[in-house]
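Hi everyone, thanks for coming. Let me put the structure up, and then we'll walk through a few parts of it together.

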Amino acid sequence: MLDRRRVVLAVTGGIAAYKTAFLARRLVESGAQVRVAMSKSAAEFIGPQTFAAIIGEPPYQDLFGADDVSPHTMLARWAELIIVAPATAATIARAANGLSEDLISATLLATEAPVLIAPAMHTEMWENKATKRNIDILRSDGYRFVGPNEGELAGGDVGVGRVAEPEEILSAARAILEPSARGLSVLVTAGGTREPVDPVRYLGNRSSGKMGHAIAEEGARRGYEVTLVTTSDLPVSGGIKVLSVETADEMKAAVDGVEPHIAVLAAAVADFKPADRASEKLARSEGLESIELVKTPDILASLVARDDGPITVGFAAETGGVDRAVEKARQKGVDLLVYNNVLEEGSGFGTDTNRVSFIASDGDVEEMPLMSKSAVAIELWDRIDALVDSRM
Ligand SMILES: Cc1cc2nc3c(=O)[nH]c(=O)nc-3n(C[C@H](O)[C@H](O)[C@H](O)COP(=O)(O)O)c2cc1C
């Protein structure tokens with residue numbers, strides 16, 4: 001809860017401004033005190049009355065006006081956090097260059113509060129060298145960022161530049177105002193391992209790494225120090241330490257080298273690997289009839305067995321009901337197990353959605369609806385944060 005925490009919501013002029021109304025509502029529901037500042041362009045996209053109705057007072061719109069004698073210094077001092085959502089390329093450029101020519105840029109320049117930026121723009125604008133430079137400057141000045149995401153943009157285009165969802169922005173805001181993270185480290189494993197048969201072929205599985213990567217991103221947004229051990233080459237935000245691996249043995253070695261406070265093992269690790277790896281490509285004419293398999297190391301068990309081991313979250317991708325996973329949660333000694341049925345529509349490998357159940361160490365099952373993988377990551381982190389708060 002953001003109990004009475006003082007948040008200034010700065011809305012600038014992009015199509016995504018309408019989504020900020022949902023964010024304002026969620027901030028109010030979370031207990032925050034909210035004041036809204038709108039740029040002139042923002043008012044082209046959403047009416048000030050909408051925000052007034054949600055937060056209970058009219059937004060600040062002018063640097064020179066009837067709002068307040070000095071609205072920028074008042075907002076700058078009042079805020080414990082300023083969220084700029086959506087943040088246009090123009091507002092980002094003004095902030096990066098220390099300009100203070102309108103209410104929002106003057107407030108940003110005058111504040112000592114943390115600033116969270118949720119950029120939103122077309123991919124071309126986001127990838128423009130000037131924007132990239134401005135983002136780098138703001139990052140090194142200590143501004144925090146959430147998004148942008150990849151997805152559908154205005155006008156039917158698809159690409160990077162879509163504003164982060166209200167829930168993602170809310171969770172990033174909470175991480176700044178009430179960090180469970182407190183410098184804690186997290187290990188996340190992601191992707192499916194590949195066990196070589198010969199230099200060309202491997203035994204693998206269909207895991208894409210999307211779920212694990214979403215968990216790593218959300219952990220980083222919440223301020224945890226994240227190490228991601230992954231077989232996937234999906235893009236990863238700066239600030240996350242990535243260890244790329246391919247096989248179960250490599251993943252085990254990478255995990256052995258990390259001493260995290262929290263471990264989230266989302267990777268689909270092979271249970272068996274070929275006993276021998278041929279050094280040259282096996283030829284059809286050689287008539288290989290079978291491959292002898294041997295067990296791979298149990299990474300989850302090795303973490304649970306550590307003295308003073310981490311808070312451990314396991315994953316169980318099953319093709320049947322939840323019962324086997326409940327049994328696994330009890331046996332494996334994990335703090336939380338995330339179960340999904342990969343045969344269910346929208347829950348399989350490689351999809352952008354997932355329908356999971358969270359199984360507590362005592363076998364209690366909490367079923368979740370079908371959600372995007374980033375929404376599942378948020379729900380999972382809410383539960384991990386609660387475990388952190390109760391243990392550390
Ligand atoms: C229909 C329309 C949509 C726009 N959407 C965006 C956007 O998503 N991101 C952005 O950076 N600029 C966008 N712009 C341009 C900004 O509104 C413009 O740069 C403006 O000066 C931004 O001012 P502000 O940052 O003070 O709100 C859009 C303009 C129009 C006409």
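To start, which residue stands opposite R144 in β5? It is L116. Before going on, please note that this is a predicted model, where local features need pLDDT of at least 70, side-chain atom pairs count only at pLDDT 80 or more, and totals for chains, interfaces and linings use all residues. Residues are numbered from 1 along each chain as its sequence is written.

Now to strand β4, residues 115–119. Strands here are DSSP runs of E, at least two residues long, and helices are runs of H or I, at least four, numbered from the N terminus. Two strands pair if DSSP finds at least two bridges between them. β4 pairs with β3 (residues 81–87) in the parallel sense, over 4 bridges, and I82 has V115 as its bridge partner. β4 also runs parallel to β5 (residues 144–145), joined by 2 bridges.

Is β4 buried or exposed? Of its 5 residues, 5 are buried, meaning that 20 or more other C-beta atoms, placed from the backbone, lie within 10 Å of a residue's own. In a regular strand, side chains alternate between the two faces of the sheet. Here V115, I117 and P119 are buried on one side, and L116 and A118 on the other.

Next, β6 (residues 149–152) and β7 (residues 158–162) run antiparallel, with 4 bridges. E150 stands opposite V160 there. Their hairpin has 5 residues between the strands, and G155 takes a positive phi near 75°.

Finally, the ligand: helix α5 (residues 89–96) gives the most to the shell around it, with 3 residues. Thanks, everyone!

Definitions and conventions:
A residue is buried if 20 or more other C-beta atoms lie within 10 Å of its own, exposed if 12 or fewer, and partly exposed in between; C-beta atoms are placed from the backbone.
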